[in-house]
Amino acid sequence: MGPAFVPVTTIFALFLTFLAVDIWTQQRTAIDAASKEVSALMRLSELREPAALNVSQAEVLLVAYRNAVSTDEWGVHFNHKASPDAAKALRELRMQGARLSRDGSPALMVGQWLKAVDELEDARLRRLLIGSDHTDNNQWWVVILLAFFAYMMIAASHLDRPPAGRLVLVLFSIATTLALWQLAMHTNPYNGGFTRVTMPVYLAAPTAGNL
């Protein structure tokens with residue numbers, strides 16, 4: 001039984017590692033998406049200034065976007081659900097770029113405007129995708145099933161030494177429970193026991209004139 005115990009625990013450790021890597025990768029991706037979303041918003045805010053494209057109407061749209069994102073998407077739904085108001089503000093920002101082009105604004109700056117809108121939309125969609133479809137539940141079931149097999153192999157390999165078997169089972173169960181608990185607390189980067197990705201300050205709901 002001893003030699004058979006090693007492959008089972010090795011496979012369990014590998015799948016536990018894969019699960020942990022997936023969770024940490026999701027968190028890094030969430031942080032990157034939030035950073036790019038803020039960067040795109042700041043670029044749009046700069047481009048709307050009189051010294052650039054002079055788009056006074058864009059201030060209201062940017063305020064509406066930040067209100068919808070901070071209040072609905074981050075605040076109420078923890079990025080599990082998209083806000084129609086945020087989507088509407090994005091569409092209006094894109095249409096504003098088309099109007100600027102039609103009105104003869106500098107093509108280079110209009111291109112920068114549309115690129116910033118694209119980056120804002122991409123970052124938002126990535127944030128919502130992570131929030132609504134984080135770590136695959138199948139990975140959790142595989143890891144838990146392998147942990148059960150590992151417990152059985154430990155018990156079987158210590159049938160001739162019950163006291164030692166009980167001690168190993170207790171220690172192994174404590175270690176695996178702690179590991180799985182820590183991973184479970186970090187599964188959703190926006191909501192859970194340990195929220196690792198908080199809403200950037202710049203996304204907080206502003207007021208018109210304080211963009």
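User: Before we get to R127 and E73, what counts as a salt bridge here?

Analyst: A salt bridge is a side-chain nitrogen of Lys or Arg within 4 Å of a carboxyl oxygen of Asp or Glu. The general idea: oppositely charged side chains can pair when their charged atoms come close. Keep in mind that this is a predicted model. In it, R127 and E73 make such a contact through their side chains, at 2.9 Å from N to O. That pair ties together distant parts of the chain, with R127 in helix α4 and E73 in helix α2 (residues 57-76), 54 residues apart.

User: Are R127 and E73 buried or exposed?

Analyst: Both R127 and E73 are buried.

User: How many salt bridges does the structure hold?

Analyst: There are 10. One of them joins R43 to E119, 2.6 Å from N to O.

User: Which residue does R94 pair with?

Analyst: R94 bridges to E121, with the closest N and O atoms 2.3 Å apart. Here helix α3 (residues 84-102) supplies R94 and helix α4 supplies E121, 27 residues apart. R94 is partly exposed at 29%, and E121 is partly exposed at 27%.

User: Which residues do shared partners join into one network?

Analyst: E37, E73, R124 and R127 are joined that way, through salt bridges that share partners.

Key
Residues are numbered from 1 along each chain as its sequence is written. This is a predicted model: local features need pLDDT of at least 70, side-chain atom pairs count only at pLDDT 80 or more; totals for chains, interfaces and linings use all residues. Side-chain values use heavy atoms; hydrogens and water are left out. Helices (H or I, at least four residues) and strands (E, at least two) are DSSP runs, numbered from the N terminus. Buried means under 20% relative accessible area, exposed over 50%, partly exposed in between (1.4 Å probe, protein chains only).
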